[in-house]
Amino acid sequence: MEAPRIRIVQESEATGETKELYDEIRAYFGVGIVPDIFKLLSARPDFLRLLSETYKALFFAGVLQRQLKEMIATVVSRTNSCSY
């Protein structure tokens, strides 16, 4: 039995709200692409918007700089054997 797969909307295929969110994500994060973590929720624009807003709140607000927060997230992921 084949495992279920998550439908991912690629940037070139995005339309409507998903395209708008992809454009916002690219502009906000300034990396020129939509990171894969966001694409995982691309079939559900309502979830994609929530993830985007949550990420912004976690990594761009507060006392610690974004770079430090991302380093902490990387160390935690490695410690937990997360290959992503």
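A nonpolar surface patch joins Val, Leu, Ile, Met, Phe, Trp or Tyr side chains within 5 Å, each residue having over 30% relative accessible area and no salt bridge. Keep that in mind for the opening stop. The model on screen is predicted.

**Stop 1: the patch**

Select L64, L68, M71, I72 and V76. Together they form a nonpolar patch on the surface, with about 440 Å² of accessible area. Now pick out L68. This residue lies in helix α4, residues 66-79. Its relative accessibility is 37%, so L68 counts as partly exposed.

**Stop 2: along α4**

Select the whole helix. Its 14 residues should span 20 Å at 1.5 Å a residue, and the end C-alpha atoms are 20 Å apart, which agrees.

Show the side chains of E70 and R66. They meet in a salt bridge, 2.8 Å from N to O. Both residues lie in α4, 4 residues apart, about one turn of the helix. E70 is partly exposed at 26% relative accessibility. R66 is partly exposed too, at 24%.

**Stop 3**

Move on to S81, in the segment after α4. Most residues other than glycine have a negative phi. Is S81 buried or exposed? S81 is exposed, with a relative accessible area of 66%.

**Stop 4: the salt bridges**

Across the whole structure, a search finds 10 salt bridges.

Begin with K39 and E11. Their side chains meet at 3.5 Å, N to O. K39 is buried, because its relative accessibility is 10%, under the 20% cut-off. E11 is partly exposed at 25%.

Next, select R49 and E24. The closest N and O atoms of this salt bridge are 3.7 Å apart. R49 is partly exposed at 29% relative accessibility; E24 is partly exposed at 35%.

**Last stop: the network**

Select E11, K19, D23, R26, D36 and K39 together. These residues are linked in a network of salt bridges.

Technical notes
Residues numbered from 1 in each chain as written. Predicted model: local features only at pLDDT ≥ 70, side-chain atom pairs only at ≥ 80, totals over all residues. Heavy atoms only, no water. Patch = residues over 30% accessible without salt bridge, like charges linked within 9 Å, V, L, I, M, F, W, Y side chains within 5 Å. Areas by Shrake-Rupley, 256 points an atom, 1.4 Å probe, with all protein chains shown as cover. Salt bridge = Lys/Arg side-chain N within 4 Å of Asp/Glu carboxyl O. Helix = DSSP H or I, 4+ residues; strand = E, 2+ residues; numbered from the N terminus. Buried < 20%, exposed > 50% of the residue type's maximum accessible area, 1.4 Å probe, protein only. Expected span 1.5 Å × (residues − 1).
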